[in-house]
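Student: I have a model open and would like to learn how to read it. Where do we begin?

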Amino acid sequence: MTQPNDRHDEAHDHAHEEIGRSGRPGYYDIMETAVRELLVERQLIGADEIRRQIELLDSRNPALGAKVVARAWVDAAFRARLLADGRKACEELGISFYDDTQLIVLENTDKLHNLIVCTLCSCYPRPVLGLPPDWYKLKPYRSRAVSEPRAVLAEFGTVIPEDVEIRVSDSTAMVRYLVLPKRPDGTDDYSEEQLAALVTRDTMIGVVPARVGQEAVQP
Amino acid sequence: MTETQDLVKRLPNDIGGLPAEPIRQVDHALEPWEKRCHALADVLDYHKIINTEEKRCGVEALGAEMIGKLTYYERWIVAFANILFRKGILTPEALARKMAEVEARWDAENGGGKEGAAHRQD
């Protein structure tokens, strides 16, 4: 079955001009403006809140999660605190949580590989990773990650040995997960910054391992 | 029989474990209105007007056809409108009037209007 959403993803993989220069706003765009203006008129939300929230959203990206992972790789005490209470440990590094969610950090080891998903919708550790990619929100990943994770991982080019357990964690509105990938071999002399550059978004979802030579292009 | 039982047991969002297509690693940069819609969701949550679980249920309540045909943020904004109607915070009439106003304002600011749109197509 084709996901109807795919048309959206394919149609909009190019950069967008500001609405108003490129064409008339669409029905749902107008609906968003209308709902927002009505709520402001009724003083249920502040006129400036949406703009400020957009700035907050724009400030969140996988570089924050990478900083957390790199710190955990070099600082065993921090790693222990991170695994005990993900949210508190991230806040220690100055990463604020703008919602009520809890964060559980899942550590990959030689015997265990973690993968995160939200089967019901699109829950994701947004304070530390930003917004999820479209594929995370679409049916194929949400449906299959829990029932055939090895096949899903193989589609990302990731082959996990049969003797390594794969554990899939299904996110909820209140509890979000972040994968702590394994530190790659041969990185003993790397600085914390160099380590962070190895940690991509997909390594923290758990669909690929962190690798030397696959440095993330962080915004 | 079995088919309708499956409908009862699985609501539209409950797709974990179902067979599906191979994963295509698609993504797109959010359009400005999509980003505003996401920010609106967060602000509605802060003010305890619509929380994350209410939003998820609101999307589910759109039913399988709309869930299948609308894009991600289209589902969100329609769900918000429906939830706000149900909570008595907005009325469908007020929203319809405001949408007409927003559209007319855009036309006035951009020299558009239906005539303008038709003209551009020539």
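Tutor: We go from one chain to the contact between two chains. Keep in mind that this is a predicted model.

Student: What does the secondary structure of chain A come to?

Tutor: Chain A has twelve helices and four strands. Of its 219 residues, 42% are buried.

Student: What share of the contacts in chain A joins residues 24 or more positions apart?

Tutor: Take the contacts in chain A with a separation of 6 or more; 69% of them link residues 24 or more positions apart.

Student: Which domains does the assignment give for chain A?

Tutor: Domain 1 covers 25-58 and domain 2 covers 61-205. Taken over C-alpha atoms, the centres of these two domains of chain A are 31 Å apart.

Student: Now a strand. Is β4 of chain A mostly covered or mostly uncovered?

Tutor: Strand β4(A), residues 175-180, is mostly covered, with five of its six residues buried.

Student: How do strands β1 and β4 of chain A run, parallel or antiparallel, and how many bridges join them?

Tutor: β1(A), residues 102-107, and β4(A) run parallel and are joined by six bridges. To find one of the pairs on screen, select I104(A), whose bridge partner in β4(A) is Y177(A).

Student: Let us turn to the two chains. How many residues does each of chains A and B bring to the contact?

Tutor: In general, the size of an interface is often given as the accessible area lost when the parts come together. Here we can count residues: 54 come from chain A and 53 from chain B. On the chain B side, the helices that each supply at least two residues are α2 (32-46), α3 (52-60), α4 (63-69), α5 (72-86) and α6 (92-110). Helix α2(B) gives the most, eleven residues. By class, the side of chain B that touches chain A holds 26 nonpolar, twelve polar and 15 charged residues.

Student: How is a pair of packed helices described?

Tutor: By the angle between the two axes and the distance between them. In this model, the axes of α2(A), residues 27-41, and α2(B) come within 10 Å and cross at roughly 35°. The crossing of α2(A) with α2(B) is left-handed.

Student: Which residues meet where α2(A) and α2(B) touch?

Tutor: From α2(A) come D29(A), E32(A) and R36(A); from α2(B) come W33(B), R36(B), C37(B) and L40(B). By class, this helix contact has three nonpolar, no polar and four charged residues.

Key
Residues numbered from 1 in each chain as written. Chains lettered and ligands numbered in written order. Predicted model: local features only at pLDDT ≥ 70, side-chain atom pairs only at ≥ 80, totals over all residues. Buried ≥ 20, exposed ≤ 12 C-beta atoms within 10 Å, placed from the backbone. Pairing = 2+ DSSP bridges. Contact = placed C-beta atoms within 7 Å. Nonpolar A, V, L, I, M, F, W, Y, C, P; charged D, E, K, R; others polar. Domains from an automatic or database assignment. Axes fitted to C-alpha atoms, helices over the stretch in contact; angles between N-to-C directions. Left-handed = near helix turned anticlockwise from the far one by under 90°.
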